[in-house]
Amino acid sequence: MTNQGTNLDPWYDSYADRTAGLSASEVRALFAVASRPEVVSLAGGMPFVSALPQERVLGSIEKVLRDNGPMALQYGSGQGTPAIREHIMQIMALEGIRGSADNVVVTTGSQQALDLVTRLFVNPGDVVLAESPSYVGALGVFRAYQADVVHVAMDDEGLIPESLRETIAALEAAGRPIKFLYTIPNFHNPAGVTLSWARRLEVLDICRSHGILVLEDNPYGLLYFDKPAPQAMRSVDDEGVIYLGSFSKTLAPGFRVGWALAPHAIREKLILANESATLSPNSFGQFVITEYLDQTDWRGQIDTFRHLYAERRDAMLSALGEYLPKLSWTKPDGGFFVWVTLPDELDSKAMLPRAVKELVAYTPGTAFYSDGQGRQNMRLSFCYPTPEFIRTGVARLATVINGELDLLRTFAGAGLTAPIPTRPHVTTPPPNIL
């Protein structure tokens with residue numbers, strides 16, 4: 001009898017090499033616990049879809065089924081319907097983008113657009129530049145295609161151009177091919193900061209001079225609180241930027257409709273890749289969203305979301321100031337997230353099980369790095385809980401943090417919050433922490 005070891009998967013030796021990097025997140029199991037109603041979750045990036053006008057959404061669904069049911073329930077174009085692409089151009093125009101709907105490719109959420117672009121450009125070992133920290137879902141895609149993710153430093157104005165120059169110079173000197181820069185310029189996930197207009201122009205100039213494509217991911221751009229973010233990077237460079245957008249944050253993620261606006265030659269390859277992956281994006285979702293945009297004051301609805309999220313942002317910042325005044329955190333002008341920096345001696349990943357025991361959850365900073373950084377950070381999300389629950393959650397979090405600090409002072413040197421070793425694999429986060 002052949003000795004097959006203790007692996008219970010009979011196909012273990014048949015998988016492609018790239019699957020060696022796929023593994024469930026070490027914190028995934030904790031989120032099953034965190035989903036209990038008594039736990040205040042400050043972890044999930046879930047939009048508050050209950051604020052949508054439910055009757056109008058239902059009316060759009062009924063009208064689509066009544067008037068266009070056979071088409072809406074059928075396969076569609078690999079590029080997306082012309083009607084929704086025209087609407088997408090109108091939405092992007094709010095951020096200064098002009099162009100042709102012919103260059104829009106509709107995808108199954110912007111997450112699929114990330115996957116398609118990475119599949120088109122990245123060979124194993126190629127470098128993808130990403131902010132430090134960066135979106136956990138993007139890091140999973142890049143690693144799944146065996147890219148080497150190299151982080152570029154950020155501050156309160158977003159990505160630092162000088163750090164970008166230095167990073168590119170070091171990689172070029174080492175002969176490392178750089179395929180693209182991935183950036184979330186508006187209300188960054190997870191950092192909550194916004195890239196200034198001057199820096200946007202400087203980053204574009206740097207990338208243009210080195211022949212580096214920019215992948216601009218902008219799911220939160222319309223969810224500003226006091227004033228709009230600077231115009232999109234794509235608005236000043238339509239050949240060197242692929243722009244990703246989504247209806248997940250401004251309408252509802254359940255429709256799974258996003259898009260990529262790409263230079264013409266790249267668009268053709270994106271359509272082919274899209275067809276090979278899904279045949280066509282969600283036809284029914286596109287029809288319903290088109291009907292909703294045609295018949296509803298969608299700009300007014302986005303205003304409703306802005307006011308709701310601004311109130312929750314204020315509740316979180318106020319609670320942090322009251323319960324954890326010695327910590328530091330970002331102050332987002334829009335979006336969903338606050339990025340908190342802990343005292344040096346604390347480890348957000350090691351502390352998470354204790355937090356869940358105290359009935360509060362957050363996302364450890366390690367989820368947003370490819371290289372083990374982030375133990376001193378945590379991402380707090382204010383988009384889903386009510387202001388009252390946010391205050392309760394931060395108060396519970398303060399109990400955990402202060403308790404950890406008290407233990408460290410009492411048992412100095414005992415290593416009670418020793419770092420957990422980093423595993424060199426791709427983490428696959430549950431959807432509610434994205």
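Visitor: In which helix is Ile266 found?

Guide: Ile266 is found in helix α8. Helices here (H or I, at least four residues) and strands (E, at least two) are DSSP runs, numbered from the N terminus. Before going on, note that this is a predicted model, in which local features need pLDDT of at least 70, side-chain atom pairs count only at pLDDT 80 or more, and totals for chains, interfaces and linings use all residues. Residues are numbered from 1 along each chain as its sequence is written, and side-chain values use heavy atoms, with hydrogens and water left out.

Visitor: Is Ile266 buried or exposed?

Guide: Buried means under 20% relative accessible area, exposed over 50%, and partly exposed in between (1.4 Å probe, protein chains only). Ile266 has a relative accessible area of 15%, so the residue is buried.

Visitor: Which residues is Ile266 in contact with, leaving aside its neighbours within four places in sequence?

Guide: Contact means heavy atoms within 4.5 Å. On that basis Ile266 is in contact with Phe121, Leu213 and Ile242, its neighbours within four places in sequence being left aside. As for Ala43, 223 residues from Ile266 along the chain, the C-alpha atoms of the two are separated by 35 Å.

Visitor: How is a nonpolar core read, and which residues of the largest one touch the most other members?

Guide: In soluble globular proteins, nonpolar side chains tend to be buried together. A nonpolar core is a set of buried Ala, Val, Leu, Ile, Met, Phe, Trp, Tyr and Cys residues joined through side-chain atoms within 4.5 Å. The largest core here has 76 residues, and those touching the most other members are Met92, Phe247, Tyr309, Leu320, Met378, Leu380 and Ile401. Helix α10 (residues 298–323) supplies the largest share of this core, 11 residues. Apart from it lies another core, of 34 residues, including Val136, Tyr145, Tyr182 and Trp339.

Visitor: What does Phe247 touch, not counting residues up to four places away in sequence?

Guide: With those residues not counted, Phe247 touches Ile84, Ile88, Ile91, Ala252, Val257, Trp259, Ile289 and Leu293.

Visitor: At what angle do α6 and α7 pack?

Guide: Axes are lines fitted to C-alpha atoms, for helices over the stretch in contact, and angles run from 0 to 180 degrees between N-to-C directions. Helix α6 (residues 161–173) packs on helix α7 (residues 197–209) at about 15°, and the axes are 10 Å apart. Angles under 35 degrees count as roughly parallel, over 145 as roughly antiparallel, 65 to 115 as roughly perpendicular and the rest as oblique. The two helices, α6 and α7, are therefore roughly parallel to each other.

Visitor: What is the handedness of the crossing where α6 passes α7, and which residues make the contact?

Guide: A crossing is left-handed if the near helix is turned anticlockwise from the far one by less than a right angle, and right-handed if clockwise. α6 passes α7 in a right-handed crossing. Pro161, Leu164, Arg165 and Ile168 of α6 meet Arg199, Glu202, Val203, Ile206 and Cys207 of α7. For classes, Ala, Val, Leu, Ile, Met, Phe, Trp, Tyr, Cys and Pro count as nonpolar, Asp, Glu, Lys and Arg as charged, and the others, Gly among them, as polar. The contact of α6 with α7 has six nonpolar, no polar and three charged residues.

Visitor: How do α11 and α12 pack?

Guide: Helix α11 (residues 348–357) and helix α12 (residues 387–410) pack at about 125°, with axes 9 Å apart, and are therefore oblique to each other. Their crossing is right-handed. Met351, Arg354 and Ala355 of α11 make the contact with Val400, Ile401 and Glu404 of α12. Ile401 is also among the residues that touch the most other members of the largest core.

Visitor: What is phi of Arg256, and where does the residue lie?

Guide: Phi of Arg256 is near 55°, a positive value in a residue other than glycine. Arg256 lies in the loop between β9 (241–246) and β10 (258–261), and is partly exposed, with a relative accessible area of 32%.
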